[in-house]
Amino acid sequence: MVNTAHPTYIAGKNTGYSVMGSVLLAYVTLSVAMTWPLTMHVNSALFGDFGDARGGIWSLWTGIHSLRNTPVCDLVSAPFGLNIGLIPNQPLSETLMYLLARLFGEVAAYNIFILFAFPATAFATFIMLFSITDRKLASFVGGLIFGFSPAAVMQVVGGHASFAFNVFIPMFFLALLYNREKRSLFSSLLVGLNFALLTLNAIYFGYFVFFVALYFIIFDYATTQGVPGKKFFLNYLIGAGMAIAIIVPFQYKMLINLFTATSTNLAKAGHARGFY
């Protein structure tokens, strides 16, 4: 059960802001240590510095200087250009990086995002686990394992920084558990909101977590006492509607392009798979 005994139950009933601050500080310290000496060269070095990292820096630069305002970008894939309308955007993580880039420059923005992503994910996991278990040490270790997982680290090394910023994954799972307990309009909307944020941050994770959500709904249905009625299914439909209402305005152009583009243009953008 999610602990709701305290007004700030999301942090647990037996913990306080001092404990939360200490946990966050520990995660931040570990992030700095793990990436050392990145913080000493935040404007001139990249963590890993191969794979897609330089492409991410290029994307920040072209975005800030409005060099990709047309459907076809002429800066790459000369002489024909690249149809960037077919490339999935991840507006949440990209917007965070753009804001940082305008303040500190493209390279520093990329590095700051990475340094922030690991402890933020670990801390969100700690909150989720402590809300469920009420055990500080176990929750801290769990946050450590997920926030600094080898998969996340290697994704960053390969240039996929957004795959390390996984704050909304534990928050989505916590929202599912909260909704299972409350079964209210608010809890349903909270599930939809977290799924939308998760997807807009890293669209691939939205795809994977969609199936996890289906499994959870089946589990919820099978273990709910009595026979779930219309309220059960309506609860999840409202959450799904909330997610769709948030995601589609950001992704509708890509969806239209994917369904209407020719096979040649799909192949140029790296989308060569069909539906069967």
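**Entry 1: F210 and F211**

I started with F210, which is partly exposed at a relative accessible area of 41%. F211 is partly exposed as well, with 32%. For my own reference, buried means under 20% relative accessible area, exposed over 50%, and partly exposed in between, using a 1.4 Å probe and protein chains only.

A note on the source: this is a predicted model, where local features need pLDDT of at least 70 and side-chain atom pairs count only at pLDDT 80 or more, while totals for chains, interfaces and linings use all residues. Residues are numbered from 1 along each chain as its sequence is written, and side-chain values use heavy atoms, with hydrogens and water left out.

**Entry 2: aromatic pairs**

How many aromatic pairs does the structure hold? I find 21 of them. Y27 and F148 form a tilted pair, because their ring centres are 6.4 Å apart and their planes stand at 45°. The pair links distant parts of the chain: Y27 is in helix α1 (residues 17–35), F148 is in the loop between α5 (136–147) and α6 (150–157), and 121 residues separate them. Y27 counts as buried at 0% relative accessibility. F148 counts as buried too, at 12%.

**Entry 3: helix α5**

Next I looked at α5, which has twelve residues. From its first C-alpha to its last it reaches 16 Å, close to the 16 Å expected at 1.5 Å a residue. The expected span is 1.5 Å times one less than the number of residues.

Which residues of α5 are buried? They are S139, G142, G143 and G147. They cover an arc of only 115° around the axis, which puts them on the same side of α5. The arc is taken from the directions from the helix axis to the C-beta atoms. The face turned away from that buried side carries L137 and I145, which are exposed.

The buried residues of α5 pack against α1, α4 (106–133) and α6. I picked out S139 in α5, which is buried with a relative accessible area of 0%. Leaving out residues up to four places away in sequence, S139 touches Y27, F126, L129, F130 and T133; contact means heavy atoms within 4.5 Å.

Helix α9 has 21 residues and reaches 30 Å from first C-alpha to last, close to the 30 Å expected at 1.5 Å a residue. Its buried residues are I203, F205, G206, V209, A213, F216 and D220.

Where does P228 lie? I find P228 in the loop between α9 (203–223) and α10 (230–260). P228 is buried, with a relative accessible area of 15%. Not counting residues up to four places away in sequence, P228 touches Y221 and F233.

**Entry 4: backbone details**

I noted a cis peptide bond between W36 and P37, with omega about 5°. P37 sits in the loop between α1 and α2 (53–64).

D134 has a phi near 60°, positive in a residue other than glycine. D134 is in the loop between α4 and α5 and is partly exposed at 25%. R183 also has a positive phi, about 50°, although it is not a glycine. R183 is in the loop between α7 (168–182) and α8 (185–201) and is buried at 15%.

**Entry 5: the whole chain**

The protein chain has eleven helices and two strands; helices (H or I, at least four residues) and strands (E, at least two) are DSSP runs, numbered from the N terminus. Of its 276 residues, 41% are buried. Among contacts between residues at least 6 apart in sequence, 70% join residues at least 24 apart.

**Entry 6: confidence**

Average pLDDT is 84, and 82% of the residues score at least 70. The score is the predictor's confidence in each residue, from 0 to 100. Over residues 1–13, pLDDT stays under 50. Where pLDDT is low, the predicted coordinates should not be read in detail.

How values were computed. Phe/Tyr/Trp six-rings, centres within 6.5 Å; stacked < 30°, edge-to-face > 60°.
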